[in-house]
Amino acid sequence: MTNTGNLMPRLMAALCLGLFAGAMAFDGLEPERIFSSALHQSIWYGFQFGLPVLVGGVCLTGTRWAAMIGVMYGTIGLALDLATFVQSMTAGMDSLHVIGLILLTAFFNFLLIVIGGRQVLTV
């Protein structure tokens, strides 16, 4: 692999860590959730915090399938971010901090798609 080839998996992993940090910040800005059971709480926090770290670790392998996993994760995340942004704008109930955080994670997801797509095409 060339230097550019080594850089792309690291960038994807860094973006996934940025998404993890965004999830942590978003969790701190929202009111505390009440879960019906400990299992539901574990599943939610695993999805919210564990999945970006897992995808980032997988992306570090530098293989084509790992980059494709990053692209798929970014695509779903971007769709969710855009839907959340539209809902936030139409309801008008979220603070500017939350809206900014949504836009930041949407940008990270977009970059994950672009960088991962480039890696899929060049590996």
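Start with the lining of the largest pocket: 12 of its residues are nonpolar, six polar and three charged. Here Ala, Val, Leu, Ile, Met, Phe, Trp, Tyr, Cys and Pro count as nonpolar, Asp, Glu, Lys and Arg as charged, and the others, Gly among them, as polar.

This is a predicted model, in which local features need pLDDT of at least 70, side-chain atom pairs count only at pLDDT 80 or more, and totals for chains, interfaces and linings use all residues. Residues are numbered from 1 along each chain as its sequence is written, and side-chain values use heavy atoms, leaving out hydrogens and water.

**Stop 1: the largest pocket.** Select Ala23, Phe47, Gln48, Leu80 and Asp81. Of the 21 lining residues, these lie nearest the pocket's centre. A pocket is an open set of points on a 1 Å grid over the protein atoms alone, where a 1.4 Å probe fits, with protein on both sides within 12 Å along at least five of seven lines; lining residues have an atom within 4 Å of a point. The volume is about 570 Å³. That is the space filled by probe spheres set on the points, which are joined across faces, edges and corners.

Now colour H1 (3-29), H2 (38-59), H3 (64-91) and H4 (96-122). Each helix supplies at least two lining residues. Helices are DSSP runs (H or I, at least four residues), numbered from the N terminus. Which helix gives the most to this lining? H3 does, with six residues.

**Stop 2: the second largest pocket.** Its space is about 210 Å³. Select its lining, including Phe26, Glu30, Gln87, Met93 and Ile102. H3 again has the largest share here, four residues. The lining divides into six nonpolar, four polar and two charged residues.

**Stop 3: helix H2.** Go to Gly50. H2 bends there by about 45°. The bend is the angle between axes fitted to the seven residues ending at a residue and the seven starting there. Pro52 follows within four residues. Next, show Gln48, Phe49, Pro52, Val55, Gly56 and Cys59, which are buried (under 20% relative accessible area, 1.4 Å probe, protein chains only).

**Stop 4: the largest nonpolar core.** This core has 13 residues. Select Met12, Leu15, Leu19, Val55, Tyr73, Leu112 and Ile115, which have the most contacts inside it. H1 gives the most to this core, with five residues. A nonpolar core is a set of buried Ala, Val, Leu, Ile, Met, Phe, Trp, Tyr and Cys residues joined through side-chain atoms within 4.5 Å.

Key:
Buried means under 20% relative accessible area, exposed over 50%, partly exposed in between (1.4 Å probe, protein chains only).
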